[in-house]
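Here are a few friendly notes to read alongside the model. Take them one at a time, and find each residue in the viewer as you go.

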Amino acid sequence: MNKLMFAGLVLLLNIGLVFAHTDKAYITNAASPSSISMCTLQPLTGQFETCEDYFLDNLAAPLDIAFANQHAYIANSNYPAFITQCKMNHQGELNTCTKSDVPSYSGISFHQSDALYAYLSYGASIVQKCTISQDGQLENHNCKDSGAGPIFLNGPMHIAFKTFNQIDYAYIANGDYHINASVIQCKIEINGDFANCQDSGAGSYFDGAADVDFATLTGKTYAYITQPGGAVAKCTVDKFNGLFSDCASTGNHFNSPIGITFQTIAHTLYAYIVDGGFNHPTANQVLQCAVDLLGDLDCLDAGAGDVFSNPFGIAIR
């Protein structure tokens, strides 16, 4: 769930290296011993060609992973839970992983307004905002409440950002617990604080809400919400205010979908969805879902099978 946005524009970090770049997916494995799976995507089909597990230092049941400044930042959930920070080399491998002093729980995402900030779902009710230093360091003395306050009563999970009508919004999956799960929309102020937080418009439709991401097709934008209870919802998004409506399930059968991200491979848009978590029986797989012109998903195994170990988060680079 690599969600890095600069003033409402997606930042393309590898513009000058596209010809030599092979997309890689990074999946967090929360089962002990904790690991990150790095899978290489086939350039024409988007299927996983190879997957390799990295048993990195200072992992403790990781639930999310995001990238900024040639570093990977991993949210751990086992007590005492802190963010792990790793360097990334030119081959996309992660190394030199150290434990920060920043507490974490399930989600981490990045957004830049007047500075580059990390947003962390922390504890049962709040989202923290942390300033990232110029050398990419994440330190607790640079963290504070995002400004939203303790409003995420169902447990904040993963966080996404999207711009509508020139206003940047944060969307927080508020559904660690299945009862009355929702997605909260917050306006992002110029200083990175959250303001005017409200229900995204979908209400408490969801059987859990773990992650949220967006896709735009033929001029219409859709939001996709993973529900650990066993479904993925597709909602129409109002292009003026960013609110959701007309939510309905899409895709094939899911066991316990958690992380979701989108990637275009050979001119075809795909959703990659982690079907894992801790619910039993655990599917332990990643699904690759073709997105049709109406935004609906047609899902198959991404190519690796059930080789993952209680997977939760996914990012593609």
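1. Let's begin with one link: the disulfide of C186 and C197 is right-handed, with 115 degrees about the S-S bond. C186 sits in strand β16 (residues 182-188) and C197 in strand β17 (residues 194-199), so the link joins distant parts of the chain, eleven residues apart. The two sulfur atoms are 2.1 Å apart. C186 is buried, at 0% relative accessible area, whereas C197 is partly exposed, at 27%.

2. Keep in mind that this is a predicted model. The average pLDDT of the protein is 91, and 93% of the residues score at least 70. Please treat residues 3-20 with care, though: pLDDT stays under 50 there. For this stretch the model has 30 contacts beyond four places in sequence.

3. How many disulfides are there in the count? It comes to six. With bonded cysteines counted along the chain, their pattern is 1-2, 3-4, 5-6, 7-8, 9-10, 11-12.

4. Now look at C86 and C97, whose sulfur atoms are 2.1 Å apart in a disulfide. Why is this disulfide right-handed? Because the torsion about its S-S bond is about 115 degrees. C86 belongs to strand β8 (residues 82-88) and C97 to strand β9 (residues 94-103), so the pair ties together parts eleven residues apart in sequence. C86 is buried at 0%, and C97 is buried at 9%.

5. Finally, visit C130 and C143, joined by a disulfide with an S to S distance of 2.1 Å. The link is right-handed, with 110 degrees about the S-S bond. C130 lies in strand β12 (residues 126-132) and C143 in strand β13 (residues 138-145), 13 residues apart. Buried or exposed? C130 is buried, at 0% relative accessibility, and C143 is buried, at 14%.

Key: Residues numbered from 1 in each chain as written. Predicted model: local features only at pLDDT ≥ 70, side-chain atom pairs only at ≥ 80, totals over all residues. Heavy atoms only, no water. pLDDT = per-residue confidence, 0-100. Contact = heavy atoms within 4.5 Å. Disulfide = S-S within 2.5 Å. Helix = DSSP H or I, 4+ residues; strand = E, 2+ residues; numbered from the N terminus. Buried < 20%, exposed > 50% of the residue type's maximum accessible area, 1.4 Å probe, protein only.
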